[in-house]
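I opened my notebook to look this structure up, one topic at a time.

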Amino acid sequence: MIIITGANGQLGRAIVENLLTLVPTEQISVSVQNPEKARDLEQRGVRVRRGDFDDAESLAHAFEGASQVLIVSAPRLGEQALRQHRTAIDMAKAAGAQRILYTSQMAANPASPFAPAPDHAATEEALRESGVAFISLRNGYYASSAVPLLGNAIETGEAVAPEDGPVAWTAHDDLARAAAITLTKGELNGITPPLTGTEALDLAGVAEIVSEVTGRPIRRIIVSDDEFRARLIANGSPEAVANMYLGYFAASRQGAFAHVDPTLARLIGRPPMTLRDVVKVTLQMDK
Ligand SMILES: NC(=O)c1ccc[n+]([C@@H]2O[C@H](COP(=O)([O-])OP(=O)(O)OC[C@H]3O[C@@H](n4cnc5c(N)ncnc54)[C@H](OP(=O)(O)O)[C@@H]3O)[C@@H](O)[C@H]2O)c1
């Protein structure tokens with residue numbers, strides 16, 4: 001039985017949909033916080049069980065009969081994220097899984113200023129320590145995050161943010177396809193190369209694409225980290241959110257998201273979606 005966590009989330013659900021095209025339905029089980037939201041999968045023959053990273057007993061039930069468990073990283077930071085991931089790893093091992101897959105990030109690094117990066121690095125350490133065979137899928141930066149990073153630039157014509165660096169934007173659908181293929185074929189092992197799209201673009205490049213797609217000119221304006229923080233706080237962002245953004249800009253300046261790697265394209269057997277493709281879908285434009 002292949003167990004997928006986070007199957008009501010964007011990446012987890014896309015992984016399940018891809019897996020359904022690769023293995024018999026009765027080999028797939030999902031571990032979700034709210035089984036009601038996965039009734040459609042149950043109706044199609046997928047086993048649906050409640051599993052919460054904060055409730056080890058629920059995971060014991062959800063991971064029953066596991067041959068592999070794919071842990072979709074939780075949308076949490078710091079100690080909480082690590083505790084949840086450790087619980088999921090421990091329970092996958094206890095269920096007898098022969099292999100654990102984990103959705104890490106290309107920037108995983110204990111010293112990174114980007115808040116999720118040390119959490120991913122610490123989870124990879126926990127995977128190593130588990131003694132179970134594992135694959136840590138070092139996913140590229142989500143392309144769906146690119147347009148939100150522009151703030152209200154489409155309306156104002158100005159993309160105001162600190163200096164940044166290139167990012168190898170990567171589509172959820174391609175990462176999901178790669179994860180499903182990895183669950184069924186043996187190419188990857190341990191920590192993977194970065195699984196990325198084919199082009200690294202900074203915010204000016206993102207703004208250019210969004211301008212072309214929307215027909216609205218956008219000027220990139222660079223401000224200091226301090227000014228950007230003050231703007232975010234003035235607009236009502238909590239301190240933690242402001243720190244997350246500033247960490248992103250600092251890490252991107254260090255090149256943490258810049259590496260473009262051919263592994264994703266090879267795995268999925270086609271060129272990954274471009275940022276332009278994803279922007280068009282995000283903005284629902286058909287140009
Ligand atoms: N590569 C990148 O650039 C990037 C960017 C942003 C985030 N991420 C990471 O990628 C993950 C998946 O992305 P996504 O777009 O699919 O996010 P998403 O749609 O928000 O999905 C997050 C999933 O985490 C699950 N979850 C949350 N708390 C949980 C808990 N206590 N126990 C079990 N599951 C829990 C949710 O489960 P339910 O559906 O059952 O509630 C949800 O399915 C994120 O959670 C984050 O760690 C990566």
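**Entry 1: the ligand.** I looked up what surrounds the ligand in this predicted model. I found 20 residues around it, and the closest are Leu11, Gln33, Phe53, Ser73 and His172.

Next I checked polar atoms. A backbone N or O atom of Phe53 lies 2.8 Å from a ligand nitrogen. Pro75 also takes part through its backbone: one of its polar atoms there is 3.2 Å from an oxygen atom of the ligand. Tyr142 uses its side chain instead, where an N or O atom is 2.8 Å from a ligand oxygen. On its own it has 900 Å² of accessible area, and the protein covers 79% of that.

**Entry 2: the domains.** Which domains does the assignment give? I noted domain 1 (2-139) and domain 2 (141-170 + 197-258 + 273-287). Their C-alpha centres lie 28 Å apart. I also looked for contacts between them. Eleven residues of domain 1 are in contact with eleven residues of domain 2.

**Entry 3: the cores.** Which members of the largest nonpolar core touch the most other members? I wrote down Trp169, Tyr248, Phe257 and Leu275, out of 38 residues. Several elements give two or more residues to this core, including β7 (158-161), α10 (225-234), α11 (239-253) and α13 (275-282). Helix α9 gives the largest share, six residues. Both domains contribute: this core draws at least three residues from each of domain 1 and domain 2.

Leaving out residues up to four places away in sequence, Leu275 touches Ala143, Ala146, Trp169, Leu201, Val206 and Ile209. There is also a second, separate core, with 33 residues. Ala38, Leu70, Ala178 and Leu267 are among them.

**Entry 4: Ala88.** Ala88 sits in helix α4 (residues 78-94). Is Ala88 buried or exposed? Ala88 counts as buried because its relative accessible area is 0%, and the cut-off for buried is under 20%.

Then I looked for its contacts. Ala88 touches Phe53, Leu59, Phe63 and Ile71, again not counting residues up to four places away in sequence. Phe53 was already in my notes as one of the closest residues to the ligand. Last, I checked a distance. Ala88 and Val69 are 19 residues apart along the chain, and their C-alpha atoms are separated by 9.0 Å.

Notes: Residues are numbered from 1 along each chain as its sequence is written. This is a predicted model: local features need pLDDT of at least 70, side-chain atom pairs count only at pLDDT 80 or more; totals for chains, interfaces and linings use all residues. Side-chain values use heavy atoms; hydrogens and water are left out. A nonpolar core is a set of buried Ala, Val, Leu, Ile, Met, Phe, Trp, Tyr and Cys residues joined through side-chain atoms within 4.5 Å. Buried means under 20% relative accessible area, exposed over 50%, partly exposed in between (1.4 Å probe, protein chains only). Helices (H or I, at least four residues) and strands (E, at least two) are DSSP runs, numbered from the N terminus. Domain bounds come from an automatic or database domain assignment. Contact means heavy atoms within 4.5 Å. A residue is near a molecule or strand if one of its heavy atoms lies within 4 Å of it. A polar contact is a pair of N or O atoms within 3.5 Å; within protein, one must be able to donate a hydrogen and the other to accept it, and residues adjacent in sequence count only if both atoms are side-chain atoms. Accessible areas come from the Shrake-Rupley method with a 1.4 Å probe; for residues, only the protein chains shown count as cover.
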